[in-house]
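The following exercises are intended for a reader who meets this structure for the first time. Each task is followed by a solution in steps.

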Amino acid sequence: QLAPLQIPTRLLLGPGPSNAHPAVLQAMNTPPVGHLDPAFLALMDEIQTLLRYVWQTENSHTIAVSGTGTAAMEATIANSVEPGDVVLVGVMGYFGNRLVDMAGRYGADVRSISKPWGEVFSLDELRTAMATHRPAILALVHAETSTGARQPLEGVGDLCREFNCLLLVDTVTSLGGVPIFLDEWGVDLAYSCSQKGLGCPPGASPFTMSPRAAEKLQQRRHKVANWYLDMTLLSKYWGSDRIYHHTAPINLYYALREALRLIAEEGLENCWQRHQKNAEYLWQGLEDLELTLHVPREFRLPTLTTVRIPEGVDGKAISRQLLSEYNIEIGGGLGELAGKVWRVGLMGFNSRPESVDRLLEVLRQVLPK
Ligand code: PLP
């Protein structure tokens, strides 16, 4: 016979998930109601309002997708790409490549531009690529979790309007932890996840469409090629019609609502500042240990730091030791950076000086002198 569930308590300082706030876990423990219960419908409205706040948008089409960040990524692509559309993807890491693959599966004529992993695109580089490819959609990753680089978005929305193109942005590792101003920046489509900056367990993922993107959806020649993620159907559940679409993961939505409420209580600005301050504290501590950070300070994400593994050090062995002996999770490198970096996340509830102190204390013990 199986023993009752026993999972070790870890300090999650990897690329996500982050540890959820205790109040979020408590909210998740609330007994479920039905997915059309008036109390639950009211909670969905609150989630929409709070998502608009954390994204700084007025988009009426703002919901949580029942699934992880990749499901929200898929919702974004499925609802915006029509077969034959030219989609230009800025690839500067692993998740840019996922966008390329996904857009192709929805029939897009995908073009990509790329940067070495750890670098970002300048506005001039984007302008040149837009003039060459004339895309219907430009897709960028705001926070590339595989490299720790933050793609600046100021001016990109204006550029897209000049070329009559929609701007699609991955905010999976930025929402809640890095300043984002969707409307001010002219972002038309964005998605995120619950398990990083929002400090909630994975499974309920934010997705939003601007009025421009909603208009394109309305005028489509083809039906959205994914029933579950079709916003024209989903919005009949999230909007005033309240038509059954799928059985929402009720308890996850309780958790998401509490996670968002905590951010609103703290204040979004304060939350961003906390992430920045604790990241700077971490960077200083890592540099004091004579470790090199992979991304230049100007483009470094506060939520995810890539640290170069020093010559002669077995990076995997260190990560394993951190997990097995100290219950600390950090990430390894992906793709081009596999074996070359560790990835340290400081997101949501984990963005605290105590997390940084604990990691640095342990690194001091395990790194070769
Ligand atoms: N996009 C980025 C930038 C990510 O970091 C991730 C996951 O880490 C995803 C998309 C996919 O999200 P998920 O793993 O929640 O499906």
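Helices, with at least four residues, and strands, with at least two, are DSSP runs numbered from the N terminus. The model examined here is predicted.

**Exercise 1. Describe the shell around the ligand, and state which helix gives the largest share of it.**

Step 1. The ligand is surrounded by 14 residues, and the closest are T68, G69, T70, T145 and V172.
Step 2. Helix α3 (residues 69-80) provides the largest share of this shell, namely three residues.
Step 3. Sorted by class, the shell holds seven nonpolar residues, six polar ones and one charged residue.

**Exercise 2. Determine where K196 lies and whether it counts as buried or exposed.**

Step 1. An unreviewed UniProt entry annotates K196 as "modified residue: N6-(pyridoxal phosphate)lysine".
Step 2. K196 is located in the loop that runs between β9 (189-191) and β10.
Step 3. A residue is buried if 20 or more other C-beta atoms lie within 10 Å of its own. K196 has 29 C-beta neighbours inside 10 Å and therefore counts as buried.
Step 4. Apart from neighbours within four places in sequence, the contacts of K196 are G16, S18, V172, T173, T303, M347 and G348.
Step 5. One of these contacts, G16, is joined to P17 by a cis peptide bond with omega of about 5 degrees. P17 itself belongs to the loop between β1 (11-12) and α1.

**Exercise 3. Compare the span of helix α10 with the expected value, and identify what covers its buried residues.**

Step 1. Helix α10 (residues 250-266) contains 17 residues. From first C-alpha to last it reaches 25 Å, close to the 24 Å expected at 1.5 Å a residue.
Step 2. The buried residues of α10 are Y253, Y254, A255, L256, R257, E258, A259, L260, L262 and I263.
Step 3. Among the elements that cover these buried residues are α1 (22-28), α2 (38-55), β2 (61-66), β10 (204-209) and α11 (268-288).
Step 4. After α10 comes G267, which has a positive phi near 100 degrees.

**Exercise 4. Describe the two domains and the contact between them.**

Step 1. The protein is divided into domain 1 (11-15 + 268-366) and domain 2 (22-264).
Step 2. Their C-alpha centres are 26 Å apart.
Step 3. Domain 1 contributes 24 residues to the contact, and domain 2 contributes 24 residues.
Step 4. On the side of domain 1 that touches domain 2, α11 and β11 (304-308) each supply at least two residues. The most comes from α11, with four residues.
Step 5. By class, this side of domain 1 has 13 nonpolar, eight polar and three charged residues.

Methods: Residues are numbered from 1 along each chain as its sequence is written. This is a predicted model: local features need pLDDT of at least 70, side-chain atom pairs count only at pLDDT 80 or more; totals for chains, interfaces and linings use all residues. A residue is near a molecule or strand if its C-beta atom, placed from the backbone, lies within 6 Å of it. Ala, Val, Leu, Ile, Met, Phe, Trp, Tyr, Cys and Pro count as nonpolar, Asp, Glu, Lys and Arg as charged, and the others, Gly among them, as polar. The expected span of a helix is 1.5 Å times one less than its number of residues. A residue is buried if 20 or more other C-beta atoms lie within 10 Å of its own, exposed if 12 or fewer, and partly exposed in between; C-beta atoms are placed from the backbone. Two residues are in contact if their C-beta atoms, placed from the backbone, lie within 7 Å. Domain bounds come from an automatic or database domain assignment. UniProt positions are given in the numbering used here, feature names are shortened, and annotations may be inferred rather than shown by experiment.
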